[in-house]
Amino acid sequence: MTSAPPRGEWTVQSVEMRDVVIPEALQDAMSREAQASREKQARIILGQAEVEIAHLFDEAAQSYKNNPTALHLRAMNMLYEGLKEKGALMLVPSTAVESMGLGGLLGAAAYRQQALMESKDDTEVK
């Protein structure tokens with residue numbers, strides 16, 4: 001036989017919540033907080049990437065510091081990679097051209113291109 005609890009005392013067997021409605025203002029606040037948290041995390045990740053990139057550039061600078069030939073080759077490779085894209089245009093400061101010793105090379109290439117264009121024009125006229 002089960003006896004009833006003494007008068008005035010109750011025992012809770014279970015609690016169930018149904019159809020909880022969160023106020024719209026609270027939903028908006030929670031959404032803004034989540035968005036701010038995502039933006040903060042994205043900025044932290046970008047900052048960490050910048051630090052890693054800076055360290056890699058520092059290492060690269062140290063390796064090029066006493067090896068001007070390697071630096072020139074790298075600069076020429078970067079120039080080549082930029083120019084090989086179809087229709088690409090690259091502006092190179094004159095100091096970079098002078099330091100790489102490309103002035104004569106670029107001048108010769110431009111002269112050769114001009115000569116080819118003139119010979120093509122002469123051939124078409126005849």
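This note goes through the model point by point.

1. **Basis.** This is a predicted model, where local features need pLDDT of at least 70, side-chain atom pairs count only at pLDDT 80 or more, and totals for chains, interfaces and linings use all residues. Residues are numbered from 1 along each chain as its sequence is written, and side-chain values use heavy atoms, with hydrogens and water left out.

2. **Confidence.** pLDDT is the predictor's confidence in each residue, from 0 to 100. The mean pLDDT of the protein chain is 80. A value of 70 or more is reached by 71% of the residues. Among the elements, α1 has the highest mean, 95. Helix α3 (residues 94–100) has the lowest, 64.

3. **Fold elements.** The protein chain has four helices and zero strands. Helices (H or I, at least four residues) and strands (E, at least two) are DSSP runs, numbered from the N terminus. Read from that end, the order is α-α-α-α.

4. **Surface.** The accessible surface of the protein chain is about 11900 Å². Carbon and sulfur atoms hold 58% of this surface. Accessible areas come from the Shrake-Rupley method with a 1.4 Å probe; for residues, only the protein chains shown count as cover. Of the 126 residues, 4% count as buried. Buried means under 20% relative accessible area, exposed over 50%, and partly exposed in between (1.4 Å probe, protein chains only).

5. **Nonpolar patch.** Which residues form a nonpolar patch on the surface? They are Val12, Val15, Met17, Val20, Ile22, Leu26 and Met30. Together they have about 750 Å² of accessible area. Patches are made of residues with over 30% relative accessible area and no salt bridge; like charges are joined within 9 Å, nonpolar side chains (Val, Leu, Ile, Met, Phe, Trp, Tyr) within 5 Å. Met30 sits in helix α1 (residues 24–65). Met30 counts as partly exposed because its relative accessibility is 45%.

6. **Salt bridge.** How many salt bridges does a search of the whole structure find? The search finds one. A salt bridge is a side-chain nitrogen of Lys or Arg within 4 Å of a carboxyl oxygen of Asp or Glu. Here Arg18 pairs with Glu16, at 2.4 Å from N to O. Side chains of opposite charge can pair when their charged atoms come close. Arg18 is exposed, at 65% relative accessibility. Glu16 is exposed too, at 58%.

7. **Backbone at Asp19.** Asp19 lies in the segment before α1. Its phi is near 50°, a positive value in a residue other than glycine. With a relative accessible area of 73%, Asp19 is exposed.
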